[in-house]
Amino acid sequence: MDKLTRHYRKLKAVFLISAFGVIAAALFALPTSVRWEASEENIFQVYLNGTDVGSTDDPEQMEELLWQAREELVRDSREMVFMDADLTFEGRACLFGTINGERSIRANMKEVLEGSVRQTLQRAFTVKINEYTVNLRTSKEVLTLLQECLNRYDPEGEYAVDLVVDPDRELNVLTTSIRPSEQEQEQTRLCAGLDAFLNEAMETIPAQAQPTGFEEIDYGLVDVAYADTVEVVEAYLMEDEITPLKEAIDQVTKEQEKEQIYEVQSGDTLSQIALNNGLTVEGLVDINPALEDENATIRPGDELVITVPEPELSVLHRVLVYEEDSYEAPVEYVDVDEWYTTKTEVIQEPSAGFRRTASIKTFRNEEEIGEEIILEDVEFEAVPKIVKRGTKVPPTYIKPISGGRISSSFGRRNAPTRGASTNHHGVDWAIPVGTAVMASSGGTVTRAGWGGGYGYVVYVQHADGRETRYAHLSKILVSVGEHVDQGEKIALTGNTGRSTGPHLHFELRINGVPVNPYEHFN
């Protein structure tokens, strides 16, 4: 019995040792098993953008798997792809647990990344023309857009546009180069801006620089260039930021209303300036706040804002043309120092001449901006118009009081009191008695005293033959024959004569005829 017991115990021990060995071997042999370390996290759940993609015992390897998943996702894409990729871990300590294989985790990561792609950035080209920009898909579309602008003025396709690196820019910025279409690109020359364009005025037709007959000249398009600076840069953009080519061509070639500055010339009027620029007088006043109304005074040298229809990209082009036409000789002036500049006299009437010309005309879009005659044959000369004109600056006129309220304007009115005129010869300003009255312009006092219905009056004769009158005064401060300067105090306002209240009546007469003073105030 004792022997059996010892044998049983021996068998039990062998069995237990064998079983433990099998279990240990299984734990080490199985790939999904992890060893237990009671004091540390030994298994990690992996999350990508908050989604569980598997478990691992090597979290550092997950960054490499994520990079592989991203690379597989964009391998066949030629564009730049943006996606969210937030990798997090949740660790725990456990005795038994399973982990996923690398292939399984990488596949799960790729699936999550596919759902997190925000948008693909397309390789594109941004075209900048002054302050205007448009984005196109390819450089070919850029060239098509720029060529369309040229073709409006080059219907025969004699010139072609290329993109070249701008030598004046440190960054990789492209600009335009225009060349005769039959030449190789190595023979191109840069055309940019009005100055460079005009400086090359005759270089493109050297054989015709000294033509001897009209038949020898090859007429037609001479040169073409962009009037605006064009810059092109490569960019990566969202799909909705790229403009379809046809729409871009419409935007760039369609005429837009653009503001420009016009300098007033001698003889200009608001109506003529408006007419020349396709505006109404009302529209011209609206865009120029400095103009009070349609009757505002303008002077040579004043600057006015005008709107001119122009495309976003303007084109300069020069055309060699033959013309037979009548022409006018420039006006010739004879200065007379004793006359005011307001006085002129024609001493010879003009007569048109007739000529044949070959000339290079320069255009900005449709507008002619210059002409250079290279050959001329005059059949008979034009006779110039000769005009005598004064050189003395005429006197100016100012409002004779400070302040005041207009109580009666110049012209037709209802008589304010019995015996008063219904055709008012001046302007009345209601103003308190005793306000200073100044000479509107320098001159000589010809009357100073009582003037019947005018009450106390002062008349001043001016060097240009005009006369000013000041009426209903309370006190006169000058006498007949005295010379007064512009702005000098000559009287005080009052309420004398035929008057309905304190005011100043002021007249301005030209050749004895009353005129509206407001049309002549400086």
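## Charges over rings

A charge sits over a ring if NZ of Lys or CZ of Arg is within 6 Å of the ring centre and within 35 degrees of the ring normal. In this predicted model, R389 meets that description: its charged end sits over the ring of Y333, 4.1 Å from the centre. Another such case involves R355, which lies over the face of Y327 at 4.5 Å from the ring centre.

## An open sheet of three strands

Strands β14, β18 and β15 form an open sheet, in the order β14-β18-β15, and their pairing is mixed. Because β14 (332-340) and β15 (344-348) each have a single partner strand, they stand at the edges, and one side of each is left without a neighbour in the sheet. On average, neighbouring strands here are turned by 30° against each other, direction ignored.

Strands of a sheet pair through backbone hydrogen bonds, either parallel or antiparallel. For β15 and β18 (residues 386-392) the sense is antiparallel, and the two are joined over four bridges.

## Two nonpolar cores

Where do the residues of the largest nonpolar core have the most contacts inside it? Look at V127, V142, L146, Y226, V232 and L313, which hold that place in a core of 27 residues. Several elements supply at least two residues each, among them β5 (117-129), β6 (132-136), α4 (139-151) and β10 (230-237). The largest share, five residues, comes from α4. There is also a second, separate core of 21 residues, which includes V458, Y470, V478 and V484.

## A closer look at α4

Helix α4 has 13 residues, and at 1.5 Å a residue they should span 18 Å; the C-alpha atoms at its ends are 18 Å apart, so the two values agree. Which residues of α4 are buried? They are E141, V142, L145, L146, Q147, C149 and L150. Two of these names, V142 and L146, also belong to the residues with the most contacts in the largest core.

An α-helix has 3.6 residues a turn, so residues three or four places apart point the same way. That is a handy idea to keep in mind when you trace the buried positions of α4, such as L145 and L146.

## Aromatic neighbours

The model has nine aromatic pairs. One of them brings together W429 and F506, whose ring centres are 6.2 Å apart; their planes stand at 40°, which lies between the limits of 30 and 60 degrees, so the pair is tilted. This pair links distant parts of the chain, since W429 belongs to strand β22 (residues 427-430) and F506 to strand β29 (residues 503-510), 77 residues apart.

Are these two residues buried or exposed? W429 is buried, with a relative accessible area of 0%, and F506 is likewise buried at 0%. Both take part in one aromatic cluster, together with Y470, Y518 and F521.

## Two asparagines with positive phi

Finally, visit two loops. N130 lies in the loop between β5 and β6, and N511 in the loop between β29 and β30 (513-515). N130 has a positive phi of about 55° although it is not a glycine, and for N511 phi is also positive, at about 55°. As for accessibility, N130 is partly exposed at 35%, while N511 counts as exposed because its value of 73% is over 50%.

Notes. Residues are numbered from 1 along each chain as its sequence is written. This is a predicted model: local features need pLDDT of at least 70, side-chain atom pairs count only at pLDDT 80 or more; totals for chains, interfaces and linings use all residues. Side-chain values use heavy atoms; hydrogens and water are left out. Two strands pair if DSSP finds at least two bridges between them. Axes are lines fitted to C-alpha atoms, for helices over the stretch in contact, and angles run from 0 to 180 degrees between N-to-C directions. Rings of Phe, Tyr and Trp (its six-membered ring) pair if their centres lie within 6.5 Å; planes under 30 degrees apart count as stacked, over 60 as edge-to-face and the rest as tilted. Buried means under 20% relative accessible area, exposed over 50%, partly exposed in between (1.4 Å probe, protein chains only). A nonpolar core is a set of buried Ala, Val, Leu, Ile, Met, Phe, Trp, Tyr and Cys residues joined through side-chain atoms within 4.5 Å. The expected span of a helix is 1.5 Å times one less than its number of residues.
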